[in-house]
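These notebook entries record what I looked up in one protein model. I wished to see how its parts pack together.

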Amino acid sequence: MLGAIARGLARLAIRNLTLEDAQTRHARRPPLPEQFDFEEMRRDHEAGRISRECRNWLEMMIVTEPGTPVYTAMLSGLEDARRPEFEAFRRFVVEIWTPEEAEHGECALRLAKAIGFDFDPAMVRDEADWARGYFEACPPCHRVLGTAAYTVIQEELTYLSHRAYAECSGSPELTRMGHAIAAEERYHACFYASRLRDALEVAALDGMTEEEASGVVAEVVARFQMPTNFHSRAFRQHVNQEMRDQAKAHFLAHKATIKRQLGPLFMAAGGLPLVRAVVRAKSPIGRYADEDAEAYARSSPAGE
Ligand SMILES: [Fe+2]
Ligand SMILES: [Fe+2]
């Protein structure tokens with residue numbers, strides 16, 4: 001009973017985003033690649049204004065964003081993606097998320113040219129290779145429940161990655177681009193959190209207990225790895241130890257921010273039982289404390 005009340009209150013705190021909300025926002029959104037002056041970024045690069053730390057972030061971003069077709073294939077091909085209850089999930093993926101992510105990829109490739117990073121996007125367009133790594137790392141991700149949970153975390157960490165280079169770039173135009181893409185990643189995280197809520201409701205109707213469903217999400221949290229890791233060729237060739245250490249240190253340093261953002265999203269999606277399961281999961285960014293559940297319940301996403 002108390003759990004149900006807490007869940008109800010949390011759901012009031014964060015609005016459920018519908019497909020119509022996303023369609024309205026998408027229709028108003030100007031195409032991203034045309035918003036930025038890549039020649040200016042080139043000049044900033046040639047003038048030595050882009051630090052090694054920034055470049056590390058950029059290269060990791062460039063080997064991840066142009067992989068949209070493989071992510072779309074995975075998202076729309078999940079075992080239960082065609083269930084009518086997941087129409088908002090499926091249509092968002094195909095009609096909204098894919099074109100938006102394709103624009104992130106286009107920005108990444110234009111930037112790669114501007115900073116002299118020789119990258120072949122075909123390296124991150126191998127659906128079978130990527131899916132193998134993804135599903136091996138995350139067996140519950142075969143279904144919408146697992147992948148919706150994965151995607152909430154992935155979008156939030158991708159938000160932080162765009163912010164990371166924006167904040168250390170030395171190029172105002174690059175900073176502007178990083179912030180604009182980051183804001184979109186955060187919107188994606190919020191939208192997928194609403195779909196995680198749908199998936200939990202469907203799981204309950206299918207007869208899964210709350211504990212079992214929360215356990216699935218907790219397993220996804222515990223197994224989480226960034227999508228970059230599953231592009232095996234590009235990862236081997238372009239992502240070195242220094243980049244991995246830099247990203248890990250950054251996410252650890254921003255653990256509180258990640259918790260502040262993800263906590264209320266999980267709270268809105270599945271209430272306290274889900275939050276408790278998530279905070280007890282051994283996450284890749286360090287073990288969360290039980291009292292985080294209370295903080296999650298109180299806080300709300302900062303938004304952008
Ligand atoms: Fe993106
Ligand atoms: Fe995204």
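Which residues in α4 meet which residues in α12? I noted that the model is predicted before I looked for the contacts. On the α4 side I found Glu53, Asn56, Glu59 and Met60, and on the α12 side Glu242, Met243, Gln246 and Ala247. I sorted the contact of α4 with α12 by class and found three nonpolar, two polar and three charged residues.

**Entry: the angle between α4 and α12**

I looked up how two packed helices are described: by the angle between their axes and the distance between the axes. Helix α4 covers residues 52-62 and helix α12 covers residues 241-253. Their axes come within 10 Å and cross at roughly 95 degrees. Because angles of 65 to 115 degrees count as roughly perpendicular, I recorded α4 as roughly perpendicular to α12.

I asked how many residues of α4 are buried. The count is eight of 11, so α4 is largely enclosed by the rest of the structure. I listed the buried residues as Cys54, Asn56, Trp57, Leu58, Glu59, Met60, Met61 and Ile62. These buried residues pack against α6 (87-114), α8 (144-168), α11 (232-238) and α12.

**Entry: the whole protein**

I then stepped back to the overall make-up. The protein has 14 helices and zero strands. Of its 304 residues, 45% are buried. I also looked up contacts between residues at least 6 apart in sequence, and 85% of these join residues at least 24 apart.

**Entry: the largest nonpolar core**

As general background, I noted that nonpolar side chains tend to be buried together in soluble globular proteins. In this model, the largest nonpolar core has 83 residues, and Val152 and Val278 touch the most other members. Helix α9 (residues 172-205) supplies the largest share of this core, with 14 residues.

**Entry: α9 and α13**

Are α9 and α13 roughly parallel or roughly antiparallel? The axes of α9 and helix α13 (residues 255-280) come within 8 Å and cross at roughly 25 degrees. That angle makes α9 roughly parallel to α13. The crossing is right-handed. From α9, the contact uses Ala189, Cys190, Ala193, Leu196, Arg197 and Leu200; from α13, it uses Leu265, Ala268, Ala269 and Gly270. By class I recorded eight nonpolar residues, one polar and one charged in the contact of α9 with α13.

**Entry: α6 and α9**

The axes of α6 and α9 come within 12 Å and cross at roughly 165 degrees, which makes α6 roughly antiparallel to α9. Their crossing is left-handed. On α6 I listed Ala88, Phe89, Phe92, Trp97, Glu100, His104 and Cys107, and on α9 Met177, Ile181, Glu184, His188, Phe191, Arg195 and Asp198. The contact of α6 with α9 has eight nonpolar, two polar and four charged residues.

**Entry: Glu201**

Last, I looked up one residue of helix α9, Glu201. Glu201 has 14 other C-beta atoms within 10 Å and is therefore partly exposed. The C-alpha atoms of Glu201 and Glu85 are separated by 9.6 Å, although these two residues are 116 residues apart along the chain.

Terms used. Residues numbered from 1 in each chain as written. Chains lettered and ligands numbered in written order. Predicted model: local features only at pLDDT ≥ 70, side-chain atom pairs only at ≥ 80, totals over all residues. Core = buried A, V, L, I, M, F, W, Y, C linked by C-beta atoms within 7 Å. Buried ≥ 20, exposed ≤ 12 C-beta atoms within 10 Å, placed from the backbone. Helix = DSSP H or I, 4+ residues; strand = E, 2+ residues; numbered from the N terminus. Axes fitted to C-alpha atoms, helices over the stretch in contact; angles between N-to-C directions. Parallel < 35°, antiparallel > 145°, perpendicular 65-115°, else oblique. Contact = placed C-beta atoms within 7 Å. Nonpolar A, V, L, I, M, F, W, Y, C, P; charged D, E, K, R; others polar. Left-handed = near helix turned anticlockwise from the far one by under 90°.
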